[in-house]
Amino acid sequence: MRIKEVVNALERFAPLPLQEGFDNAGLQIGLTETLEVSGVLLCLDITEKVVDEAMATGCNLIVSHHPLIFHPLKRISDENDVQRIVYKAIKHDIAIVSMHTNMDNAKGGVNFKIAEKMGLRNIKFFGEKKIIGKGACPSEPPNKPKEQPEQLVGASGAIGIFDEPMAADDFVLMLKRTFDVECVQANQLLHRGIERVAVCGGAGAFMLPEAIKVGADAFVTGEMHYHDYFDHEQEIQIAVIGHYQSEQYTNEIFKEIIEKECEGVKCCLTKTNTNPIIYL
């Protein structure tokens, strides 16, 4: 199977038109049309250690959530980590593909996975809807039906409910346990039960007003600024669990897609922890 077929499977699930205007999702490095895939290494971030891990495991394709090339490169040398990674990947014929905000905004994507891990049900989009028309997805492979939906809908957040309301302190403990979080940043704990929870992985502070608007009891995200916490006491439970922690299960989505759509392709979940933040 060619690398292109794996990339197409990922893009059918999370089409590139779903990405935000500032983003650079999609192919980052490599030849996808001619090279056969020897294995896929799945990760959140790409570091030199991740490229070394791909080489050690015999994978010539790396699929990441965060794009390696986010800003234009003026040269490829050894001045910074991005340049070194690009050089090493090209030298060793390793292709790199990133599925970022298109995977955030896709149904069943990052936010749906976070909600699923929390045990929420009836998970739906919340926030401004993004609609793309028919034909925005890559072509289906020959053995797949040619039918495509007239339009695909995405959004930047997901919302769901618990079977039973949860006390605020139990809610925070659940987040620490589920996402292996050493420290949850929260505002004043709610005095009522938490049942309806809105989610936006990564840097999701911009979705807080929308979470309040749709009547969420709690809002879970990866990053927020200091002043975002003000003036919401007993209005909504804010729970910030860390950028890396909120998106760490994205690899599982990649794996599920590839194993379903690209039978026989080896998938390896990275063993490299790329979180640059430690808690002391």
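Helices H2 and H3 are roughly parallel to each other, because their axes cross at roughly 15° and angles under 35 degrees count as roughly parallel. The model is predicted.

**Helices H2 and H3**
- H2 spans residues 48-56, and H3 spans residues 81-91.
- Their axes come within 9 Å.
- The crossing of the two helices is right-handed.
- On the H2 side, the contact is made by Glu48, Val51, Asp52 and Met55.
- Arg84, Ile85, Lys88 and Ala89 meet them from H3.
- The residues of this contact split into four nonpolar and four charged, with no polar ones.

**Helix H1**
- H1 runs over residues 3-13 and is mostly covered.
- Eight of its 11 residues are buried.
- These are Ile3, Val6, Val7, Asn8, Ala9, Leu10, Glu11 and Arg12.

**Ala218**
- Ala218 lies in strand E11, residues 218-223.
- Ala218 counts as buried because its relative accessibility is 0%, and buried means under 20%.
- Beyond its neighbours within four places in sequence, Ala218 is in contact with Phe171, Ile194, Arg196, Val197, Ala198, Ile236 and Gln237.
- The C-alpha atoms of Ala218 and Glu195 are separated by 8.0 Å; these two residues are 23 residues apart along the chain.

Technical notes:
Residues numbered from 1 in each chain as written. Predicted model: local features only at pLDDT ≥ 70, side-chain atom pairs only at ≥ 80, totals over all residues. Heavy atoms only, no water. Axes fitted to C-alpha atoms, helices over the stretch in contact; angles between N-to-C directions. Helix = DSSP H or I, 4+ residues; strand = E, 2+ residues; numbered from the N terminus. Parallel < 35°, antiparallel > 145°, perpendicular 65-115°, else oblique. Left-handed = near helix turned anticlockwise from the far one by under 90°. Contact = heavy atoms within 4.5 Å. Nonpolar A, V, L, I, M, F, W, Y, C, P; charged D, E, K, R; others polar. Buried < 20%, exposed > 50% of the residue type's maximum accessible area, 1.4 Å probe, protein only.
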